[in-house]
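Please examine the sequence and the structure shown below before reading on.

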Amino acid sequence: MYDVIIIGAGVSGCAIARELSRFQLKILVLEKELDVCEGTSKANSGIVHAGYDAGPGTLKARLNVEGSRKMETLSKELDFPYQRNGSLVLCFDPKEKDKLWELKERGEANGVEGICILDRQKLLELEPNVGDAAVAALYAPTGAIVCPFGLTIALAENAAENGVEFVFGAKVQGLEKAQEGYLVHTPKQDYETKVVVNAAGVYADEIHNMVSGIKMKIIPRRGEYLLYDKNVGSMVSHTLFQLPTALGKGILVTPTVHGNLLTGPTAQDVPGKEETDTSREGMERITERAALSVKEVPGRQVITSFAGLRAHITEFSEGEAGDFVIGEAADAAGFIDVAGIESPGLSCAPATGEYVAGLVKKLLEPLEKENFIGTRKGIPSMALASDEERHRLIKENPAYGNVVCRCETVTEGEILDAIRRPLGARTTDGVKRRTRAGMGRCQAGFCNPRVVEILARELQVEESQIRKSGEDAWYILSPEEGGSL
Amino acid sequence: MKTADLVIVGGGPAGMAAALAAYHKGVKDILILERDRELGGILNQCIHNGFGLHRFQEELTGPEYAVRYMDLVQEKNISHMLNTMVVDVQGGEFCLITAMNKEQGMFQIKANAIILAMGCRERSRGAMNIPGYRPAGIYSAGTAQRYVNIEGRMPGKEVVILGSGDIGLIMARRMTLQGAKVRLVAEIMPYSGGLKRNIVQCLDDFGIPLKLSHTVTEIHGKDRVEGVTVSRVDERLSPVPGTEQFVKCDTLLLSCGLIPENELSLGAGALMDEVTQGPVVNERLETTVPGIFACGNVLHVHDLVDNVSKEAETAGAFAAEYILHGEKEWGEAVRPKIPAKTKCTLPEDRDTGSQLICIGCPVGCLITAQRKEDGSLAISGNTCGKGEAYARSEMTAPVRTITSMIRVEGGTGRVVPVKTKSEIPKGKIAECMREIKKAVVKAPVSVGDVLIENVAGTSVSVVATGNMRVF
């Protein structure tokens with residue numbers, strides 16, 4: 001019998017798991033995919049929003065500002081890439097300048113520090129490559145960028161180190177009220193728990209509807225992105241948003257914490273919950289709209305495109321429309337929804353973790369652990385390490401001297417670390433998100449066979465058993481299928 | 001700190017030829033740094049033939065071409081380090097190279113000159129903006145080639161190839177010979193960028209359709225590729241709505257162009273040429289950074305390895321001169337002569353059984369050859385006697401050289417490249433492949449070793465085209 005089962009190992013689920021791991025609780029995270037960070041958390045803008053978007057008084061606004069405040073400290077405690085680069089909301093129409101003032105007021109009401117309005121002159125000083133049409137901007141110095149994988153994996157690893165169990169490939173197929181709490185059905189086995197936390201992303205409605213009569217519906221909103229080579233990563237230094245216009249919500253242009261340039265997202269409601277495919281129209285739209293924010297969108301420097309789904313709730317009679325749904329379901333005691341976590345869910349995560357842990361605390365009144373480990377060390381990066389550190393690492397393990405991914409200078413040592421640590425990588429995507437092997441401009445053309453070989457060796461399986469991500473994402477045929485010559 | 005007169009980054013055809021040329025000019029203290037486990041570079045996985053016609057006046061496979069240079073490098077005792085990645089180069093009066101490997105860790109080398117010879121890389125799917133999902137099963141042709149020819153593993157069963165450059169065409173044949181079904185090759189341009197010979201011997205021989213003015217407009221399958229949408233494109237290369245066709249496959253190979261590998265050149269501060277996409281050089285193949293030279297595909301993408309070797313010799317010789325006689329005025333930038341791109345146009349819906357493409361010379365006449373009722377051949381469309389002879393041979397007794405790999409036991413690798421020592425009847429290809437696939441040999445293996453005698457009863461033997469040491 002578990003005290004808490006968290007459904008979903010995205011950034012919210014992992015943040016909640018990590019916060020709850022401070023207490024004497026038996027906790028399990030169930031994840032349908034083979035790794036953490038496989039849904040919305042892996043495909044988003046990687047932005048820590050300052051917190052001026054959501055309306056004052058909403059949970060979104062409160063958790064965003066809190067999350068943004070906590071993120072920097074958390075990045076030091078858990079060792080993940082984070083950079084406070086500041087954000088700008090660009091205004092392209094002199095007639096719409098008052099909208100910037102509205103945003104400023106809203107931000108101030110939400111408690112966002114340091115926001116101000118810049119005229120074009122000041123804007124140019126901050127961003128020399130800003131588009132000619134930008135007449136003014138809202139500047140939020142607390143806006144930041146974060147590695148979404150780094151954050152989620154760090155939270156999960158730290159939770160695991162503090163005793164939280166994770167089971168992967170365990171899609172929740174049913175949820176029943178039991179005598180004391182709930183019975184959770186998965187293809188692996190059934191689990192009993194006192195409290196369920198529903199952090200199932202775009203599937204949170206399905207999980208919710210398993211136990212509650214107040215029905216919820218989520219229609220995924222797809223956002224497509226273009227990622228550019230590091231060559232052009234320094235084209236902008238702040239995150240450039242656009243004031244929403246009649247043409248729709250804007251497209252952002254931002255550097256990433258790893259030095260790439262990112263543009264997107266589009267916003268399109270899609271019927272399927274796995275429809276993370278990109279489209280020609282999407283790519284064209286991003287390029288066209290991004291051209292407003294920066295003078296030249298370096299189209300030839302695109303290295304990949306991707307799409308993520310945001311959990312947009314379209315039907316739910318409880319709570320305020322458009323806000324997160326976080327709390328115990330009205331008709332299901334011990335069942336806590338963490339639903340509708342669309343933007344700014346990533347920014348909120350540290351605060352969401354605490355907030356939900358607070359709700360669980362009220363239900364279970366757990367004691368704090370004495371031996372909670374509050375810090376975690378990430379995988380060392382040979383690309384970023386000082387020469388001294390490099391020498392030390394290679395001395396420790398010569399595999400740190402063997403470069404496997406040439407674009408991002410990722411070594412065998414880092415890949416071994418990614419596989420061997422708690423909740424280690426089991427797939428090439430897992431290796432990629434933990435080390436950046438395959439994230440560079442050749443997109444794994446060079447390192448893929450090498451990473452597959454290392455994974456197979458470490459996991460002691462035939463190379464044909466290695467997957468990109470899901471169970472069916474095979475790379476090479478097995479010897480039985482004639483795949484070994 | 002280690003020192004050397006000349007450090008060469010990359011031990012492929014460019015690096016080795018540059019090293020030998022510098023050696024002959026009197027620079028003996030040379031160090032080649034190679035990131036793979038063998039010298040030879042990309043040639044090691046190019047197990048097909050067609051190399052060396054200019055350089056050696058004979059037709060070699062990639063590994064054979066590489067071995068010739070490796071033997072020379074060894075003979076001259078030119079030192080090299082394998083499994084070593086160069087992470088930074090700096091030019092100047094003294095050049096500084098930073099490299100890493102398992103044995104020495106991270107180390108620096110001081111040198112009088114550097115030659116960049118890192119080769120090129122393939123354009124990825126992302127760079128081509130193909131929409132759709134991002135499943136496993138999308139490989140650059142070179143990655144697939146490495147899986148098949150070096151690792152001895154098959155990356156898929158049903159294949160669509162985008163891009164009809166030579167690597168794409170070669171991989172179409174390679175995958176087919178190993179048992180995969182290649183559905184089609186799509187080419188966005190109205191002509192193929194590949195050699196006519198490859199269109200004949202890699203596609204026509206196996207009945208693989210080449211769809212010119214077509215491209216992949218969507219990738220299907222969430223986990224693994226389940227198919228692609230192929231569409232016709234208009235004159236501006238934009239997909240034409242309504243021409244979409246779903247093609248079921250589990251693998252998409254991309255053969256859509258090569259780009260010089262620029263990380264180190266850029267890191268050194270070399271000025272880049274937007275046309276070649278490699279560093280700007282003068283007539284001595286010196287980059288704008290003093291002491292740093294460049295040659296081979298890192299400078300611009302070459303069509304023939306023979307030309308790479310030639311260019312590398314020039315770079316090696318000038319680097320030696322620089323080392324021995326000091327810096328000269330840089331002079332003018334000279335853009336390497338880029339050969340005109342092959343533009344192989346073919347009529348749509350060509351009947352490959354009767355409409356032949358002559359491979360006798362680069363003109364590539366389209367020859368119609370039909371057997372008349374009396375059994376004689378009616379040949380038309382050829383512009384010279386070679387064409388008629390070629391058509392006659394193709395219609396009566398066509399022959400091919402087969403290149404593949406054979407399993408090795410107890411070696412440092414899983415497979416060794418092989419070829420039929422001479423051409424065999426085209427009709428014997430399948431039987432020949434069956435015998436090759438069944439064969440297992442024990443390491444060591446050396447180039448030229450006979451591994452199968454009298455393959456498929458043709459009295460032709462199958463010989464090794466690469467070396468394999470005992471593990």
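## Strand pairing

Two strands pair if DSSP finds at least two bridges between them. The model considered here is predicted. In chain B, strand 10 and strand 17 (residues 251-254) pair in the parallel sense over three bridges. Within strand 17 of chain B, the residue opposite B:Ser140 is B:Leu254.

## The open sheet

Five strands of chain B form an open sheet with parallel pairing, in the order 10-17-11-12-13. At the edges stand strand 10 (138-140) and strand 13 (210-212) of chain B; each has a single partner strand, so one side of each lacks a neighbour in the sheet. From one strand to the next, the twist averages 20°.

Helix 4 of chain B lies across strand 11 (158-162), strand 12 (181-187) and strand 17 of chain B, and runs at about 170° to strand 12 of chain B.

## Two helices in contact

The axes of helix 4 (residues 166-177) and helix 5 (residues 196-203) of chain B come within 8 Å and cross at roughly 20°. Helix 4 of chain B is therefore roughly parallel to helix 5 of chain B. The crossing of these two helices is left-handed.

Residues making the contact include B:Leu169 and B:Ile170 of helix 4 and B:Ile199 and B:Leu203 of helix 5 of chain B. By class, this contact has six nonpolar, two polar and two charged residues.

## The side facing chain A

In chain B, 43 residues are in contact with 43 residues of chain A. Helix 3 of chain B provides the largest share of the side that touches chain A, four residues. By class, that side of chain B has 14 nonpolar, 13 polar and 16 charged residues.

Technical notes:
Residues are numbered from 1 along each chain as its sequence is written. Chains are lettered from A and ligands numbered from 1 in the order in which they are written. This is a predicted model: local features need pLDDT of at least 70, side-chain atom pairs count only at pLDDT 80 or more; totals for chains, interfaces and linings use all residues. Axes are lines fitted to C-alpha atoms, for helices over the stretch in contact, and angles run from 0 to 180 degrees between N-to-C directions. Angles under 35 degrees count as roughly parallel, over 145 as roughly antiparallel, 65 to 115 as roughly perpendicular and the rest as oblique. A crossing is left-handed if the near helix is turned anticlockwise from the far one by less than a right angle, and right-handed if clockwise. Two residues are in contact if their C-beta atoms, placed from the backbone, lie within 7 Å. Ala, Val, Leu, Ile, Met, Phe, Trp, Tyr, Cys and Pro count as nonpolar, Asp, Glu, Lys and Arg as charged, and the others, Gly among them, as polar.
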